Structure formats: C-alpha cells, structure tokens
Amino acid sequence: MLFAATLGAELAVQALQYAPSSELLWFVNLRIFGIFQRSHALLSGIVGIDGFQLFGVALPLFLLACLGLAANARPAFTIATHLSAGYAGFLLFAWQSGVPTTAQASLGPFAVPTGAGLYVMATILGACLLSFAITHLLYFQAVGKEIGALRRWLRPRRTAAATEA
C-alpha cells in the first residue's frame with residue numbers, strides 16, 4: 001500500500017510537469033498526495049535526489065517485502081514491515097511539521113488533514129499498523145511452537161533421568 005501511494009504521488013508530480021495548467025492534477029497533487037509533498041520538503045533538505053521517496057525508500061521496502069514473501073524469509077519480511085511502519089510515522093511527522101505554527105486554542109496537539117489527504121494518510125497508517133500487528137502475531141505463534149517443541153524434546157529426557165536415579 002505504501003509503495004502504491006508513493007508511486008501515485010510521484011506519477012502525479014510527473015504528470016503535473018507535462019500539464020501544469022490541469023486543475024485535476026493540481027488537486028491530486030496537493031489534496032490527495034499532499035502528505036508526500038510535505039515529506040519531500042523535509043527529505044530534500046537531507047537528500048537532494050529527485051524521486052528519493054519512491055526509489056530510495058518505498059521501492060526498496062517493497063522489494064524487501066516481496067523477497068521475504070517469495071523466499072519465505074520471515075526476517076526480511078519483518079524488517080520491511082517495521083521500516084514501512086517507520087516510514088508511515090515519518091509521513092505523519094512530515095505532515096505535522098509542515099503545518100504553520102500559529103497560536104490558537106485547540107484541544108489536540110495534531111493538525112489533522114481533511115478530505116482526500118485524510119483518507120490517504122489513514123489508509124497508509126492503517127495498512128502499515130495492520131501489517132505490523134500481523135507480523136508480530138505470527139512471530140508469537142512461531143515462538144509458541146518452538147517452545148512447545150522444546151518442551152516435548154526435554155520431557156522424555158527428564159523421565160529417563162528420573163527412572164535411572
């Protein structure tokens with residue numbers, strides 16, 4: 001999901017370069033993928049490569065997750081899941097840091113995007129957190145199976161030692 005959203009944001013930027021007078025492309029670029037605009041502004045101060053969010057972050061995470069699934073390698077998939085959740089957290093941070101700081105009465109410390117930006121952000125965060133939770137549950141299940149196998153392996157040895165004594 002994160003890769004698809006990042007790819008969509010990059011494609012919207014590229015399309016806007018070819019048709020800068022398109023109102024639809026401006027809407028898509030600023031309202032739907034506005035979260036990526038703010039994160040690009042933060043990242044461009046650190047890494048000056050065009051398309052870094054797609055080619056330097058989202059694509060490697062996607063390829064690592066695909067490798068983990070194809071090779072049935074849990075560590076690769078888990079690393080991709082954790083880094084994706086971290087990148088989603090960075091997107092949320094970028095959204096917050098891009099908000100103008102004005103003094104106003106507010107009950108919450110976060111400025112929440114509205115409209116399509118809210119749906120994109122909620123979908124990205126929800127998918128990453130769901131993947132994060134499922135990965136942890138699968139690991140807990142695997143650890144439980146390993147502990148059960150260890151108990152079964154140790155049980156005959158204890159009874160044999162008890163009968164010899």
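1. Phenylalanine 33 counts as buried because its relative accessibility is 13%. Buried means under 20% relative accessible area, exposed over 50%, and partly exposed in between, with a 1.4 Å probe and protein chains only. Phenylalanine 36, at 3% relative accessibility, is also buried.

2. The model is predicted: local features need pLDDT of at least 70, side-chain atom pairs count only at pLDDT 80 or more, and totals for chains, interfaces and linings use all residues. Residues are numbered from 1 along each chain as its sequence is written, and side-chain values use heavy atoms, leaving out hydrogens and water.

3. There are 3 aromatic pairs in the structure. Rings of Phe, Tyr and Trp (its six-membered ring) pair if their centres lie within 6.5 Å; planes under 30 degrees apart are stacked, over 60 edge-to-face, and the rest tilted. Phenylalanine 33 and phenylalanine 36 form a tilted pair, because their ring centres are 6.2 Å apart and their planes stand at 55°.

4. Tyrosine 87 and phenylalanine 90 form a stacked pair, with ring centres 6.3 Å apart and planes at 20°. Both residues lie in helix H5, 3 residues apart, about one turn of the helix. Helices are DSSP runs (H or I, at least four residues), numbered from the N terminus. Tyrosine 87 is buried at 5% relative accessibility, whereas phenylalanine 90 is partly exposed at 23%.

5. Threonine 78 also belongs to helix H5, which covers residues 74–97. At 12% relative accessibility, threonine 78 is buried. Its side chain reaches the backbone oxygen of arginine 74 at 2.8 Å. Beyond its neighbours within four places in sequence, threonine 78 is in contact (heavy atoms within 4.5 Å) with Thr135 and Tyr139.

Technical notes
Helix = DSSP H or I, 4+ residues; strand = E, 2+ residues; numbered from the N terminus. Polar contact = N/O pair within 3.5 Å; in protein donor to acceptor, adjacent residues only side chain to side chain.
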